Amino acid sequence: MTNFYHLLNWTLKRGPHPCPGPDGGTCINEAAIVACGFPYRPVRAPSDMPLCFSRLICRLALHLNDEAGDVERQRLIPFVTRLACADRPEIEERRAAYIRARIDLDGLYMPHVSMDEGIRILEGALAIGRHADTLAPDVAGDRLNAARAETAPTASRRDPVSQKLKAWLCVFEKEPSTI
């Protein structure tokens, strides 16, 4: 996963984004959508995620993403490819019980946990049930090559990969979602 991060020069940011910012920034869930091969789309809530993503885990990841500072938030990068792990209802309920026992995301006030504790909770929830398919570095490379092919013809071959990826992602922002 770290190879994918360095290739994209991705930065996790707080909140939803109409399109990745100048440095490729999106929230963790928006980055997960792209990493899993879906067209980019802004995510305001876990219900905006494709069905193969665990809503509970995406909700926790979104909470950690939005509560963290800019530097701490980058510690969530390794989880980008692990969120597409939706499972049977009984497994999702076990995940919900695990998360609820450690952090109250349904309370009147949004809880604050340290990034270390939040990552421990996220790891524990991800260990329950189905695991996301591993994204191999060659798959990431194929997606980057596809992004280059989709880039407008005016783009120079010397443009950074992240610039080409951003141009590709912005094209999908204007198309209706079919996921």
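This is a predicted model: local features need pLDDT of at least 70, side-chain atom pairs count only at pLDDT 80 or more; totals for chains, interfaces and linings use all residues.

Residues are numbered from 1 along each chain as its sequence is written, and side-chain values use heavy atoms, with hydrogens and water left out.

**Entry 1: salt bridges**

I searched the whole structure and got eight salt bridges. I looked at arginine 120 first, and its partner is glutamate 117, with the closest N and O atoms 3.1 Å apart. The two residues sit three apart in helix α6 (residues 115-127), so about one helical turn separates them.

How open is glutamate 117? Its relative accessible area is 27%, which is partly exposed. My cut-offs are buried under 20% relative accessible area, exposed over 50% and partly exposed in between, using a 1.4 Å probe and protein chains only.

Next I checked glutamate 93, which bridges to arginine 100 with the closest N and O atoms 2.9 Å apart. Glutamate 93 is partly exposed at 44% relative accessibility, and arginine 100 is partly exposed with a relative accessible area of 44%.

Then came aspartate 87 and arginine 88, whose side chains meet at 3.7 Å, N to O. Arginine 88 is partly exposed at 46%.

**Entry 2: the overall fold**

I counted elements in the protein chain and found eight helices and zero strands. For this count, helices (H or I, at least four residues) and strands (E, at least two) are DSSP runs, numbered from the N terminus.

How much of the chain is buried? Buried residues make up 46% of its 179 residues. The chain exposes about 9500 Å², and carbon and sulfur atoms supply 55% of that. Those areas come from the Shrake-Rupley method with a 1.4 Å probe, and for residues only the protein chains shown count as cover.

I looked at contacts too, where contact means heavy atoms within 4.5 Å. Of the contacts with a separation of 6 or more, 62% are between residues 24 or more positions apart.

I took α3 (55-67) next. α3 has 13 residues and reaches 18 Å from its first C-alpha to its last, close to the 18 Å expected at 1.5 Å a residue. The expected span is 1.5 Å times one less than the number of residues. Its buried residues include Ile57, Leu60 and Leu64. They pack against α2, α4 (70-73), α5 (89-100) and α6.

α6 also has 13 residues and reaches 18 Å, close to the 18 Å expected. Among its buried residues I listed Met115, Ile119 and Leu122. What covers the buried residues of α6 includes α3, α4 and α5. After α6 comes glycine 129, with a positive phi near 80°.

**Entry 3: rings**

The structure holds one aromatic pair. Phenylalanine 38 and phenylalanine 53 form it, tilted, at 6.3 Å centre to centre and 55° between the planes. Rings of Phe, Tyr and Trp (its six-membered ring) pair if their centres lie within 6.5 Å; planes under 30 degrees apart are stacked, over 60 edge-to-face and the rest tilted.

**Entry 4: the α2-α3 loop**

Cysteine 52 is in this loop and is partly exposed at 30%. Leaving aside neighbours within four places in sequence, its contacts include Phe38, Cys85 and Arg130. Serine 47 is in the loop too, but is exposed at 57%.

Definitions and conventions. A salt bridge is a side-chain nitrogen of Lys or Arg within 4 Å of a carboxyl oxygen of Asp or Glu.
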